[in-house]
Amino acid sequence: EETFSIGQEVTVKGSAMALAGYPLDGATVSYRVTRNASFPWWRSYWWFPEAEPRTVANGTLQTAYDGTFSSTFPTEEDMTLRRYTPLYRYEVFVDVTDITGETHSGRAMVYVSSRNLLLSCDLPGEIAIGKSDNQYRISLTNTAGKPQNGTVGYEIFRLQMPNNYMY
């Protein structure tokens, strides 16, 4: 739900509960955080660099008396990908093992970018000029996918036909 910037530390909080509904005090929590880079959809028509997932943090900790736990990890930019303005997906994998040895797993995702707002539009392949019922959806969200208020300017114009074609 929050928006995070590159270079900021992120704290992920969780809670461990037994199936009966009581908190698991002193359970062992093993966690691993990986970073994956994704690129704007329009780059998929062209070459874009391959970005291997990278583990940025891992460890173990214990739950508190109320079953809660938290883990903090750094967000960092891959300098070789900087010019492509990637959206980083940090995935937190958690395994909680109680005193009986029973293990439950979960995961959470946090999105981080150098740009905190994402603009998307739903335009058809062809636009009928002069038609009054043309409708286009433009949305502004933060990196967590939550709608944001803002002003967006746009202009639609006819493309110029090139004199030469590239093959």
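Gly14 stands opposite Phe69 in strand E5. The model is predicted: local features need pLDDT of at least 70 and side-chain atom pairs pLDDT 80 or more, while totals for chains, interfaces and linings use all residues. Residues are numbered from 1 along each chain as its sequence is written, and side-chain values use heavy atoms, without hydrogens and water.

Strand E2 (residues 9–15) pairs with E5 in the antiparallel sense over seven bridges. Strands are DSSP runs of at least two residues, numbered from the N terminus, and two of them pair if DSSP finds at least two bridges between them. E5 covers residues 68–74; Phe69, Ser71 and Phe73 form its covered face, and Thr68, Ser70, Thr72 and Pro74 the uncovered one.

## The second largest pocket

The second largest pocket holds about 300 Å³ of space. Its lining has 22 residues, of which Ser15, Phe69, Val94, Val96 and Gly106 are the closest to the centre. A pocket is an open set of points on a 1 Å grid over the protein atoms alone, where a 1.4 Å probe fits, with protein on both sides within 12 Å along at least five of seven lines; lining residues have an atom within 4 Å of a point.

E2, E3 (28–38), E5, E6 (87–97) and E7 (103–113) each supply at least two lining residues. E7 gives the largest share, five residues.

## Asn142

Asn142 lies in strand E9 (residues 137–142). Asn142 counts as buried because its relative accessibility is 6%, and buried means under 20% relative accessible area with a 1.4 Å probe, protein chains only. The Asn142 side chain reaches the backbone nitrogen of Lys146 at 2.9 Å.

Note on methods:
Buried means under 20% relative accessible area, exposed over 50%, partly exposed in between (1.4 Å probe, protein chains only). Helices (H or I, at least four residues) and strands (E, at least two) are DSSP runs, numbered from the N terminus. Grid points are joined across faces, edges and corners, and a volume is the space filled by probe spheres set on the points. A polar contact is a pair of N or O atoms within 3.5 Å; within protein, one must be able to donate a hydrogen and the other to accept it, and residues adjacent in sequence count only if both atoms are side-chain atoms.
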